[in-house]
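This briefing is meant to be read with the sequence and the 3D view side by side. Please follow each point on the structure as you go.

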Amino acid sequence: NDILDMSKIENGKLNIEPEDFSLRELLDGLIEMMEVQAEEKQIHFEFVREIEHDFVTGDPIRLRQVLSNLLSNAFKFTKHGGRVTLTVREEHRDVSTGEYFFSVKDNGIGIAQDRQKQIFEAFELIGSPRPVPSLLALLAPSC
């Protein structure tokens with residue numbers, strides 16, 4: 001599915017389907033799902049939520065997909081007893097727009113500095129694909 005999505009992105013054919021949704025509900029469901037992975041590997045999973053507004057307009061399917069992939073990789077490459085942190089912070093909001101910061105940090109094996117630029121190339125797989133902090137501006141406030 002991700003490979004098909006990547007192909008669509010490269011061809012300019014990936015449709016973002018904006019809809020009003022509860023960011024809080026999306027995050028709660030994601031956290032519940034990811035806590036299972038954390039428990040299986042005995043990883044400390046921390047969730048930092050700094051948002052004031054719950055309802056936003058965006059593509060909840062794509063947002064969940066991106067965050068799930070980042071977190072799954074963080075759990076995959078973090079050893080037992082390690083730490084993974086998801087931070088979601090509302091940076092700015094006015095009547096028609098909002099900016100939210102999403103970050104996944106871990107203390108896993110990482111990627112050598114000289115190879116980090118490669119992870120942003122299509123279909124690049126380096127020996128240890130560790131997520132880097134990400135800024136996604138996929139959301140707008142719902143009125």
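In strand β3, Phe55 is the bridge partner of Ser22. That bridge belongs to a set of 4 that join strand β1 (residues 19-22) to β3, and the two strands run antiparallel. The model is predicted, so local features need pLDDT of at least 70 and side-chain atom pairs count only at pLDDT 80 or more, while totals for chains, interfaces and linings use all residues. Residues are numbered from 1 along each chain as its sequence is written, and side-chain values use heavy atoms, with hydrogens and water left out.

**Strands and sheet**

- Helices (H or I, at least four residues) and strands (E, at least two) are DSSP runs numbered from the N terminus, and two strands pair if DSSP finds at least two bridges between them.
- Strand β3 (residues 55-58) has a covered face made of Val56 and Gly58, and an uncovered face made of Phe55 and Thr57.
- Another group of 3 strands forms an open sheet in the order β2-β4-β5, with mixed pairing.
- Because β2 (44-50) and β5 (98-106) each have a single partner strand, they stand at the edges, and one side of each is left without a neighbour in the sheet.
- From one strand to the next, the twist averages 10°, where angles run from 0 to 180 degrees between N-to-C directions and axes are lines fitted to C-alpha atoms, for helices over the stretch in contact.
- Strand β4 (residues 83-93) pairs with β5 in the antiparallel sense over 9 bridges, and Val88 stands opposite Phe102 in β5.

**Helices on the sheet**

- Helix α2 (residues 23-41) packs on the sheet and touches β2, β4 and β5, with its direction making about 170° with that of β2; contact here means heavy atoms within 4.5 Å.
- Helix α3 (residues 60-76) also packs on the sheet, touching β2, β4 and β5, and its direction makes about 20° with that of β5.

**The two helices together**

- The axes of α2 and α3 come within 11 Å and cross at roughly 20°.
- The two helices, α2 and α3, are therefore roughly parallel to each other, a term used for angles under 35 degrees, whereas angles over 145 count as roughly antiparallel, 65 to 115 as roughly perpendicular and the rest as oblique.
- Among the residues where α2 meets α3 are Leu30, Met34 and Gln37 in α2, and Leu67, Leu71 and Lys76 in α3.
- Lys76 and Gln37 are 39 residues apart in sequence and 8.9 Å apart in space, C-alpha to C-alpha.
- Lys76 counts as exposed because its relative accessibility is 57%, exposed meaning over 50%, buried under 20% and partly exposed in between (1.4 Å probe, protein chains only).
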